[in-house]
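Thanks for coming. Please have a look at the structure before I start.

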Amino acid sequence: MSVPYGMMRGVTGRLMLLDTASLYFRAYFGVPDSVRAPDGSPVNAVRGLLDFIDRLVKDHRPDALVACMDADWRPEWRVELIPSYKAHRVAEEREVGPDEEEVPDTLSPQVPVIEAVLDALGIARVGVAGYEADDVIGTFTARAKGPVDIVTGDRDLYQLVDDERGVRVLYPLKGVGTLQLTDESWLREKYGVDGGGYADLALLRGDPSDGLPGVPGIGEKTAAKLLAEFGDVAGIMAAVDDPKARLTPSQRKRLDESRPYVAVAPKVVRVAQDVPLPDVDTTLPRTPRDPGGLDELAARWGLGGSLQRLLVTLGA
């Protein structure tokens, strides 16, 4: 069942949203691939992610938890607007469905195991066709009634930071034991913008890792100065048409030439907040939803102490 505004049963306190792919990529590269199942298959991403979740729950005690997934890591509606969007990460183009993302050979087989373990634990796992995990996170955040902790290694989600609503980003610096707690004061000190202004900053600056060209000659510091002067991208583009506005000739020329990009980039850069979320119970589970299935997964994949520690933490 899907509902237009995303029902979140059980959310009465702090909601924690995991950018799951971001975290299991970090686990994969942070945990040695010598961590293997009884049959020799690498399970470093699986066990690393379980350790991450254990530490996050211990340290931050969320009331609700959602593992947000990329049902489509490169949505066609974004590619239609900016064809270069994530193009350098495509491993294989497909006629039907999402293109295949370039993922390390020994990580891909671990993703279904991660999904099965989360499901057996009873941790809500949400991905929506046609949308990235960022969009799922954006929509859950928009609908949340209480404070929200977003755990991600993707700075794009800084745009959701909102002190008034208690929305912050927990950005892993080393594992998840050392997290950068990103609030509006941190953003202003680092980038000169608040959460709402970060998307405009990213739009102007561009992001090679996502295939976003940005406005040529407008780097991070210049973008921050322009936003401080003119408020937002719309204000900056209005200034291009105002001969009295304080823009250098070079800035005016480059912004004027970038109008086609600036016209479509906001929809690409800003996370969606109207994703049709499924009706899920996001309450942090105390006991596994499927104890028998979890035991089988633990034995098959040798999840050992990583799973046991998380079960103890969830039951505490």
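First, the ground rules. This is a predicted model, in which local features need pLDDT of at least 70 and side-chain atom pairs count only at pLDDT 80 or more, while totals for chains, interfaces and linings use all residues. Residues are numbered from 1 along each chain as its sequence is written, and side-chain values use heavy atoms, with hydrogens and water left out.

Some terms. Helices (H or I, at least four residues) and strands (E, at least two) are DSSP runs, numbered from the N terminus. Two packed helices are described by the angle between their axes and the distance between the axes. An axis here is a line fitted to C-alpha atoms, for helices over the stretch in contact, and angles run from 0 to 180 degrees between N-to-C directions.

Start with α1, residues 20-30, and α2, residues 44-60. Their axes come within 8 Å and cross at roughly 115°. The crossing is right-handed; that word applies if the near helix is turned clockwise from the far one by less than a right angle, and left-handed if anticlockwise. On the α1 side, T20, L23, Y24, R26, A27 and Y28 meet N44, A45, G48, L49 and F52 of α2, where contact means heavy atoms within 4.5 Å. By class, that contact has 7 nonpolar, 3 polar and 1 charged residues. For the classes, Ala, Val, Leu, Ile, Met, Phe, Trp, Tyr, Cys and Pro count as nonpolar, Asp, Glu, Lys and Arg as charged, and the others, Gly among them, as polar.

α2 also packs against α4, at an angle of about 35° and with the axes 9 Å apart. This crossing is right-handed. From α2 come N44, A45, V46, L49, L50 and I53, and they meet Q110, V113, I114, V117, L118 and L121 of α4. The count by class is 10 nonpolar, 2 polar and no charged residues.

α7 passes α8 in a right-handed crossing. G197, D200, L201, L204 and R205 of α7 make the contact with E220, A223, A224 and L227 of α8. By class there are 5 nonpolar, 1 polar and 3 charged residues.

Now, how many residues of α7 are buried? Buried means under 20% relative accessible area, exposed over 50%, and partly exposed in between, with a 1.4 Å probe and protein chains only. In α7, 9 of the 11 residues are buried, so the helix is largely enclosed by the rest of the structure. The cover over them includes α6 (184-191), α8, α9, α10 (249-257) and α11.

One of the buried residues of α7 is G195, at 0% relative accessibility. Leaving out residues up to four places away in sequence, G195 touches Y158, Q159, V161, E184 and L187. Its C-alpha atom is 8.8 Å from that of L157, 38 residues apart along the chain.

Next is α11, residues 259-269, where Y261, V262, A265, P266, V268 and V269 are buried. They cover an arc of only 160° around the axis, which puts them on the same side of α11; the arc is that of the directions from the helix axis to the C-beta atoms. P260, A263 and K267, on the other side, are exposed. The cover over the buried residues includes α3 (76-81), α7 and α9 (233-240).

In α12, residues 291-301, the buried residues are G293, L294, L297, A298 and W301. They fall within an arc of 140°, so they line one face of the helix. Exposed on the other side are D295, E296 and A299. What covers the buried face includes α4 (110-121) and α13 (304-315). After α12 comes G302, with a positive phi near 60°.

Last, T141, in helix α5, residues 133-143. Is T141 buried or exposed? At 2% relative accessibility, T141 counts as buried. Apart from neighbours within four places in sequence, T141 contacts L17, V148, I150, L160, R165 and V167.
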